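Open the model in your viewer and keep the selection panel at hand. The stops below say what to select and what is there.

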Amino acid sequence: MTAIPENKAIPENEALAETATAARRVALIVAVAFFMQLLDSTIISTSLPQMGASFGVPAVAMSIGITVYMLTMAVFVPLSGWLADRFGARNIFLVAIALFTLASIACGISQNLTQFVAARAVQGLGSALMTPVGRILVLRNAPKSELLNATALITWPALFAPVIGPVLGGFITTYLSWHWNFFINIPLGAAGLALVARFIPGDRDSETKPLDWPGFLLTSVGLACLLYGLERIAHPEDGALPTVALLAAGILIGWLAMRHLVRAKNPLLDLTAFKVQTFAISTLSGGTIFRVAINATPFLLPLLFQVGFGLRPVDAGMLILAYFLGNLGMKTVTTPTLRRFGFRPVLVINGVIASLSIMACAAISPQTPQALVVALMLIAGLTRSMQFTALNTLAFADVAAPQRSSAATLSSMLQQMALLFGVAVAAALLNLSQIARGGPALDLVDFRFAFLAIGAVGLMASFRFLVLPPAAGAEVSGHLPRN
């Protein structure tokens with residue numbers, strides 16, 4: 001018999017270690033780009049009044065820059081997966097970073113509102129390609145055993161950017177000028193381009209499908225109508241009829257888009273990913289509903305502390321900081337927790353705790369000891385972070401390789417809808433409560449109603465995860481349930 005060399009396993013172990021290192025490197029590079037994108041979206045709101053004064057327009061008119069950015073994203077997000085397959089995910093990601101960085105420079109040197117809006121449209125195009133294509137790169141370069149760690153890495157920008165964005169934006173606007181809120185993207189974009197070009201391998205789908213133009217137009221227009229309609233719910237002073245018309249048009253066109261995608265020979269988006277139970281539950285049903293609840297909370301908390309408690313913006317900001325620090329603090333224990341207990345118990349139990357922490361915000365008042373408020377913010381932030389990472393990882397645990405591009409695009413679309421829907425629902429609940437009691441302005445009781453309702457939504461979504469099998473995502477988490 002031929003003896004098997006004892007050191008045969010060493011090269012295999014080294015290969016596995018190199019694959020894991022490469023997967024984490026790709027995820028970290030993608031996270032840098034995501035951080036630039038998310039920092040930009042949180043930093044701009046602090047400088048709108050100064051920008052309006054610079055352009056000679058009212059501060060409220062500057063909101064068009066945010067609206068155009070959002071609508072451009074909605075139009076081009078559905079196209080991102082096809083572009084990644086046709087031209088290579090790495091190439092499209094490089095284009096996305098370059099577009100976003102150049103558009104940031106154009107925003108910073110804009111001399112009037114028209115120039116600024118045009119630059120924001122290009123920035124929205126870069127952002128539309130960046131998020132789903134970045135996820136595709138991570139999925140293609142990470143084996144399932146490393147998917148949990150990789151997803152945790154690309155989730156941290158969504159938790160970290162909101163912590164420093166408003167603070168950094170206020171500092172830059174006060175001590176430098178609003179222009180530097182955009183120029184800060186130049187070094188981040190340059191670093192991202194260099195890292196992607198150096199460390200991320202090229203890839204391209206060997207069987208490129210023709211572009212599904214009807215699917216692209218229907219999906220883009222439907223998504224744009226839905227997102228703009230949801231955004232308008234938070235601004236009832238603009239009138240209800242256009243909002244209702246936009247939402248109705250979005251639902252109708254969305255239904256036509258799904259009907260087309262199911263029947264088309266080469267659909268723009270492969271909806272068969274929704275037949276995968278873990279993907280469907282974590283992105284479409286329980287996942288979307290829960291994201292609505294946890295996306296509403298960052299909108300409600302600053303208003304609660306400033307309007308309900310009467311705190312100064314700086315004091316409210318310190319309490320919000322505790323909430324987002326809780327988001328960051330959970331990152332070190334997320335992976336071990338999911339490996340120890342698995343996805344289903346974590347999503348259910350952590351979801352219940354997160355929902356109860358949201359509802360507990362209805363019980364605090366200006367007389368509540370600050371230590372208790374800070375503790376509640378930390379718990380809410382910790383559980384929010386855990387739920388985000390678990391949902392984002394489980395979504396792709398069982399998705400087949402041919403479905404990944406469409407799955408990443410669909411996930412990005414649904415997360416964007418959940419973000420705007422969360423803000424819209426929170427604003428609608430506050431307005432309904434104020435109208436019901438006939439008050440001239442928002443009061444603490446309105447916030448209590450909103451937090452209780454939003455928490456109940458999260459609680460309902462948490463129990464939806466009970467339908468998952470005990471072994472859901474086990475190949476990714478490494479947790480083997482007992483029989």
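Start with helix α2, residues 48-55, where Leu 48, Met 51, Gly 52 and Phe 55 are buried. These four lie on the same side of α2, because they cover an arc of only 100 degrees around the axis. Then select Gly 56, which follows α2 and has a positive phi, near 75 degrees.

Before going further, colour by pLDDT, since this is a predicted model. The protein averages 85, and 91% of the residues score at least 70. Confidence is lowest in helix α14 (residues 313-329), with a mean of 75, and highest in helix α16 (residues 343-360), at 95. Where pLDDT is low, the predicted coordinates should not be read in detail.

Next, the nonpolar cores. The largest has 77 residues; select Val 30, Phe 93, Met 130, Phe 279 and Phe 396, the members that touch the most others. Centre on Val 30: beyond its neighbours within four places in sequence, Val 30 contacts Phe 93, Gly 134, Leu 137, Val 138 and Ile 154. A second, separate core holds 34 residues, including Ile 294, Ile 364, Ala 426 and Phe 451.

Last stop: Thr 288, in helix α13 (residues 286-308). Is Thr 288 buried or exposed? Its relative accessibility is 17%, and the cut-off for buried is under 20%, so Thr 288 counts as buried. Show its contacts: not counting residues up to four places away in sequence, Thr 288 touches Ser 282, Thr 283, Leu 414 and Ala 418.

Terms used
Residues are numbered from 1 along each chain as its sequence is written. This is a predicted model: local features need pLDDT of at least 70, side-chain atom pairs count only at pLDDT 80 or more; totals for chains, interfaces and linings use all residues. Side-chain values use heavy atoms; hydrogens and water are left out. A nonpolar core is a set of buried Ala, Val, Leu, Ile, Met, Phe, Trp, Tyr and Cys residues joined through side-chain atoms within 4.5 Å. Buried means under 20% relative accessible area, exposed over 50%, partly exposed in between (1.4 Å probe, protein chains only). Contact means heavy atoms within 4.5 Å. pLDDT is the predictor's confidence in each residue, from 0 to 100. Helices (H or I, at least four residues) and strands (E, at least two) are DSSP runs, numbered from the N terminus. The arc is that of the directions from the helix axis to the C-beta atoms.
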